[in-house]
Amino acid sequence: MADPMRIRAQAQGDKAVVRVLMSHEMETGQRKDSAGKTIPAWFIQEVTASLNGSPVLTAQWGTAVSKNPFMQFTIRGAKAGDKVSVSWVDNRGDKRTDEATVA
Amino acid sequence: MRRRMMLKRGAEVAAALAAAGLWPAGAHAAWAQQAFDAKGFAEALKALGARTPQESKDVTLTGPDIAENGAVVPVACACALPGVKRLVLLVDKNPNTLAAVFDVSDAIEPQFATRVKMAQTSNVYAVALMDDGQALFAQKEIKVTLGGCGG
Amino acid sequence: MRRGLLVRSGAWAMATLLAGAAAQAQKNTADGIAEYRKMLEDGNPADLFEAKGEALWKQKRGPKNASLESCDLGKGPGVVKGAFVELPRYFADTAKVQDLESRLVSCMQALQGFDGAAIAGTPFGRGEQDNVTALATYVAAASRGLRFSLPQGHPEERRLYEVGKRVFYFRGGPYDFSCASCHGEDGKRIRLQDLPNLTKNPGDGVGFAAWPAYRVSNGQMWGMQLRLNDCYRQQRFPYPGFGSEVTVALGVYMGVNAKGAESIAPAIKR
């Protein structure tokens, strides 16, 4: 399984600001290796997030998102103690889900 | 035989809808291949099924004036209006212009931040696709430099 | 920046005007770069390596199936906080001055049974070397905000400082470069990168106080060993061996010079 994400969820009034760092190569498919062969594209295509089990976010990414991607978004109606879960799926079908508690 | 043909046809239509970005947000949408393959601002938006976009003060795109390295450029997009369906980030001069598509639900604020790769100095766009079909955008030119030795 | 120009008064006025304009344009670019770096501070991918390093520190691994939790980084077995800002230092059990990365490898050998020489011979970014980088990131992070205070009480520590100074000024290779060629004076730069003067304290979070760092240009985590390795590559010198006395001596020289500077490691770099 891929390396874990770092998720920080901070309560701000009646919202929670969520910051996520994901561990992923995000290979564009444009680079060539030292032998001159093109390194195939390998990147996160879909990101989803949920609050206490209810889906709140879906995103589609292309190869232009940076390596070891960072994402920030804000959930409405969240409070300290709520559970935020973030998942990603890449173009090879690999996936990863991690969870954090709103602080 | 007929059922197989019908299923195949159904799958083709679904794929076309998904590629055009008209597949409903929230359902497990197929990845918008056509949009992500498009080159240039206009072509990418068309592939997402968006109308001709209008520049709007209600859409904000935040980013640095100059990026020390094009591999990691921090950008944030937001829309101050209600009724946002999607927020889209595009880098005009990238080999593939469309960088990211965020579906906005009632549960989240219409604002996102991420980091994108920029092949060269380029206009970066944040486009809000609204529930009523409008497309509103903000743009900013971000310069990409060649830095020094990496220290 | 000083400019020594010998021209007649009219041309002199013009020259200073132009120099002023150029300096102004440069300052605006410098501000722009500073803004870009500030925007990246929150959400440093180094956090991913720090998390990996913490897990590795606690995990039972190697032929001896042991964790690194009793590794002595200079402040006693298992004490991680504060260790980074006192390295390199002398260790009695290995009878030599060691920097963070070579000390981690010693612990991996002694406590976990790994082959230290094999790890030293592994290229950066591969196998156990990758783990050493993650561990170094974790240890450095535990001292974030603390100020450098390398010990110089032991004769070996003082000897290595002097060795480090000589190595710093030693010119060689096809361009006859030394570390001092780039880092020996105030106000030098390569393109948009300001070069810190490492012959003295270059300030908080600069130079020795900024590594390990995540480099956005290649998405790699670099410890001081790899940073020095790449400096030698840029000088067109042969690569120093991992953990070699030359690299540790340079660490002592830079670290002692940086006494009192605040560590921001693990940082984020171009």
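This is a predicted model: local features need pLDDT of at least 70, side-chain atom pairs count only at pLDDT 80 or more; totals for chains, interfaces and linings use all residues.

Q: How many residues of chain C are in contact with chain B?
A: 20 residues of chain C are in contact with 16 residues of chain B. Contact here means that the C-beta atoms, placed from the backbone, lie within 7 Å.

Q: Which elements of chain C supply at least two residues each to that side?
A: They are α1 (9-41), β3 (188-190) and β4 (193-195) of chain C. The largest share, 7 residues, comes from α1(C). Helices (H or I, at least four residues) and strands (E, at least two) are DSSP runs, numbered from the N terminus.

Q: What classes of residue are on the side of chain C that touches chain B?
A: There are 8 nonpolar, 6 polar and 6 charged residues. Ala, Val, Leu, Ile, Met, Phe, Trp, Tyr, Cys and Pro count as nonpolar; Asp, Glu, Lys and Arg count as charged; the others, Gly among them, count as polar.

Q: What does the model score?
A: ipTM is 0.94 and pTM is 0.85. Chain C averages a pLDDT of 91, and 90% of its residues score at least 70. pLDDT is the predictor's confidence in each residue, from 0 to 100.

Q: Where in chain C does pLDDT stay under 50?
A: Over residues 1-7. The model has 7 contacts beyond four places in sequence for that stretch.

Q: How many helices and strands does chain C have?
A: Chain C has 9 helices and 7 strands. Its radius of gyration is 20 Å, close to the 18 Å that the globule rule gives for 270 residues, so chain C is as compact as a globular protein of that length. The radius is taken over C-alpha atoms, and the rule is 2.2 Å times the number of residues to the power 0.38.

Q: How do α6 and α9 of chain C cross?
A: The axes of α6 (residues 155-169) and α9 (residues 245-257) of chain C come within 7 Å and cross at roughly 95°. Axes are lines fitted to C-alpha atoms, for helices over the stretch in contact, and angles run from 0 to 180 degrees between N-to-C directions.

Q: What meets what there?
A: L160(C) and F168(C) are among the α6(C) residues, and L250(C) and Y253(C) are among those of α9(C). The residues of this contact divide into 12 nonpolar, 1 polar and 2 charged.

Q: Now chains A and B. What is the strand order in their open sheet?
A: The order is β1(A)-β2(A)-β5(A)-β7(B)-β4(B)-β2(B), and the pairing is antiparallel. Strands pair if DSSP finds at least two bridges between them. The edge strands are β1 (6-12) of chain A and β2 (59-62) of chain B.

Q: Where do the two chains join in it?
A: β5(A) and β7 (residues 108-116) of chain B pair over 4 bridges. M71(A) stands opposite T114(B), and I75(A) has I108(B) as its bridge partner. On the other pairing, V20(A) stands opposite M71(A).

Q: Which element gives the most to the side of chain B that touches chain A?
A: β7(B), with 8 residues.

Definitions and conventions. Residues are numbered from 1 along each chain as its sequence is written. Chains are lettered from A and ligands numbered from 1 in the order in which they are written. Two residues are in contact if their C-beta atoms, placed from the backbone, lie within 7 Å.
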